[in-house]
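Hi everyone, thanks for making time this morning. I'd like to walk you through one model, going from the sheet to the side-chain contacts. Please have a look at the screen first.

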Amino acid sequence: MERIPKPGEFYRHFKDKMYQVTAVATHSETREKMVVYQALYGTFDVYVRPLSMFTSEVDHEKYPDVVQKYRFERVDLTAASDVNQPDGEQKEETTKEEHDGPNKNLLAFLDAETYYDKLEVLKTLKDKFTAEELLAICEIMDIGRADSEPEEKYYAVERYLELQIKYDGTRLR
């Protein structure tokens, strides 16, 4: 049975970088299935790769130290994000998956569809964003200065979103 990725699913590359699948597309000329996916780090570039290559196994002769079986392996973020134990007690230790996985605050912001939704996420998670996350948001939106303090970055994003909300609603469509 072939493992077909679905839009929205998260995958860890064998070189330990995280990606989110955007779509499974069909090449218009060859009819080959292609996976469209976005990096969850750096500049959040979008890539495309043949489905057969995306779901292939790691070449363990070329990469003998790699433990992961497949080139991309699905990561279930819902299992890693459970804050409470079944008996209601707080977890005391974080797992490697939770610590090293993609940041849920940043993903919540990126997944928000409208400027209004992004502003709500920003305000709700105000005290939870790290300096790195705020820098990533500023880079994505092409605002703020990289050398500014996290608080300045937060307010730059907030002002930008408020302006977008104000002027986006007044445009004729």
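**The sheet and its contacts**

Let's begin with the sheet: five strands make up an open sheet, ordered β4-β3-β2-β1-β5, with antiparallel pairing. Before I go on, a word on the source: this is a predicted model, where local features need pLDDT of at least 70, side-chain atom pairs count only at pLDDT 80 or more, and totals for chains, interfaces and linings use all residues. Residues are numbered from 1 along each chain as its sequence is written, and side-chain values use heavy atoms, with hydrogens and water left out.

For the terms, strands (E, at least two residues) and helices (H or I, at least four) are DSSP runs numbered from the N terminus, and two strands pair if DSSP finds at least two bridges between them.

Strand β1, residues 10–13, pairs with β5 in the antiparallel sense over four bridges. There, Phe 10 stands opposite Val 75 in β5.

Now the charges. How many salt bridges does the structure hold? There are three salt bridges, each being a side-chain nitrogen of Lys or Arg within 4 Å of a carboxyl oxygen of Asp or Glu.

One of them joins Arg 74 to Glu 9, with the closest N and O atoms 3.8 Å apart. This pair links distant parts of the chain, as Arg 74 is in strand β5 and Glu 9 in the segment before β1, 65 residues apart. Arg 74 counts as partly exposed at 49% relative accessibility, while Glu 9 counts as buried at 15%. For these words, buried means under 20% relative accessible area, exposed over 50%, and partly exposed in between, using a 1.4 Å probe and protein chains only.

Asp 16 and Arg 12 form another salt bridge, with 3.1 Å between the closest N and O atoms. Asp 16 is partly exposed at 43%, and Arg 12 is buried at 11%.

Then there is Glu 162 with Lys 123, at 4.0 Å from N to O. Glu 162 lies in helix α7 and Lys 123 in helix α5 (residues 115–124), so the pair ties together parts 39 residues apart in sequence. Glu 162 is partly exposed at 37%, and Lys 123 is partly exposed at 40%.

On to the rings. A search of the whole structure finds 10 aromatic pairs. Rings of Phe, Tyr and Trp (its six-membered ring) pair if their centres lie within 6.5 Å, and planes under 30 degrees apart count as stacked, over 60 as edge-to-face and the rest as tilted.

Phe 54 and Phe 72 are a stacked pair, 4.1 Å centre to centre with 5 degrees between the planes. Phe 54 lies in helix α1 (residues 51–54) and Phe 72 in strand β5, so the pair ties together parts 18 residues apart in sequence. Phe 54 is buried at 1%, and Phe 72 is buried at 0%. Both belong to one aromatic cluster, together with Tyr 11, Tyr 19, Tyr 37 and Tyr 47.
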